Every structure is written in C-alpha cells, then in structure tokens.
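This report walks through a few local features of the structure shown below. Please keep the sequence and the 3D view at hand while reading.

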Amino acid sequence: MKSDRLECGRLIRDFRLGRHMTQAQLAESLEVSTNFISEIETGKKGISHDTLCRLCKRYNLSADYILFGTAPEHRQTPPLYDALSTLSVEEIPVVIRYLEAMLKVKQLKCMQPD
C-alpha cells in the first residue's frame with residue numbers, strides 16, 4: 001500500500017505546486033498541519049477521508065484522480081470559482097456581503113421604470 005500512498009502524495013504535491021502553493025497554504029486551507037501535508041506528499045501517511053473530501057470540494061478535484069490517478073485532474077471550473085478558492089476564511093464573508101449588495105443594487109435597478 002505504500003506505493004499507493006506515494007502515488008497519491010505525488011499527485012497532491014503536483015497539484016499544489018501547479019497552483020503555486022506552499023505546503024503551509026494547502027494545510028491551512030484544508031485545516032490540517034503542514035507536517036501532515038508533508039507526510040501525505042512523501043507517502044509516510046495516507047490521506048484521511050475528511051481531508052480528501054475537503055481537498056476535492058475546496059479545489060473541485062476528482063477523488064478518483066487523487067486516489068487512483070485515473071480521472072482528469074480537474075473538472076472544468078469557471079474562472080470565478082478558481083478566484084474564490086484562493087480566499088482565506090476571513091475574506092469569504094466579506095466577498096459574500098459584497099456580492100449580496102451587488103445583487104440588491106441589480107434588483108433595485110430592474111424594478112425602476114425606464
């Protein structure tokens with residue numbers, strides 16, 4: 001099973017490097033330690049179910065690709081999703097409030113007579 005862990009870790013490392021992320025940045029976004037990411041990437045530990053789920057949801061990745069290397073690395077994502085996925089936990093509520101305000105303004109403009 002170690003070779004499976006090594007391959008899985010390599011795929012995660014390649015993904016992380018492709019996004020120009022450090023292990024610390026990936027760890028923070030997945031709510032795990034930097035050491036845990038290092039151990040996954042080197043095959044010392046396997047990825048947990050919870051961490052795999054967070055990785056796939058957060059970055060719109062295929063679990064089949066991460067676990068088996070058999071599916072496309074990324075599903076097609078809109079550019080906005082990629083931009084939003086780089087936000088910190090603190091920035092997300094600010095962006096949500098901004099979008100809600102924009103939608104209210106748009107709704108008000110639609111209600112005004114021409």
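## The loop after α2

The model discussed here is predicted. Glu 31 lies in the loop that joins α2 (23-30) to α3 (34-41), and, directly following the end of α2, this residue adopts a positive phi of about 60°, although Glu 31 is not a glycine. Its relative accessibility is 64%, and because exposed means over 50%, Glu 31 counts as exposed.

The buried residues of α2 are Leu 26, Ala 27, Ser 29 and Leu 30. Around the helix axis they cover an arc of only 165°, so they sit on the same side of α2. As background to such a pattern, an α-helix has 3.6 residues a turn, so residues three or four places apart point the same way.

The axes of α2 and α3 are 8 Å apart, and the two helices pack at an angle of about 110°, which means that α2 is roughly perpendicular to α3. On the α2 side the contact is made by Gln 23, Ala 24, Leu 26, Ala 27 and Leu 30, which meet Thr 34, Ile 37, Ser 38 and Glu 41 of α3.

Asn 60 is placed in the loop between α4 (49-59) and α5 (63-68). Is Asn 60 buried or exposed? With a relative accessibility of 16%, Asn 60 counts as buried, because the cut-off for that class is under 20%.

## Cysteines without a disulfide

How many disulfides does the model contain? The count comes to zero, and the distances between sulfur atoms give the reason, since a disulfide requires a pair of cysteine sulfur atoms within 2.5 Å. For Cys 53, the closest cysteine sulfur is that of Cys 56, and because it lies 7.0 Å away it is too far for a bond.

Notes:
Residues numbered from 1 in each chain as written. Predicted model: local features only at pLDDT ≥ 70, side-chain atom pairs only at ≥ 80, totals over all residues. Heavy atoms only, no water. Helix = DSSP H or I, 4+ residues; strand = E, 2+ residues; numbered from the N terminus. Buried < 20%, exposed > 50% of the residue type's maximum accessible area, 1.4 Å probe, protein only. Arc of directions from axis to C-beta. Axes fitted to C-alpha atoms, helices over the stretch in contact; angles between N-to-C directions. Parallel < 35°, antiparallel > 145°, perpendicular 65-115°, else oblique. Contact = heavy atoms within 4.5 Å.
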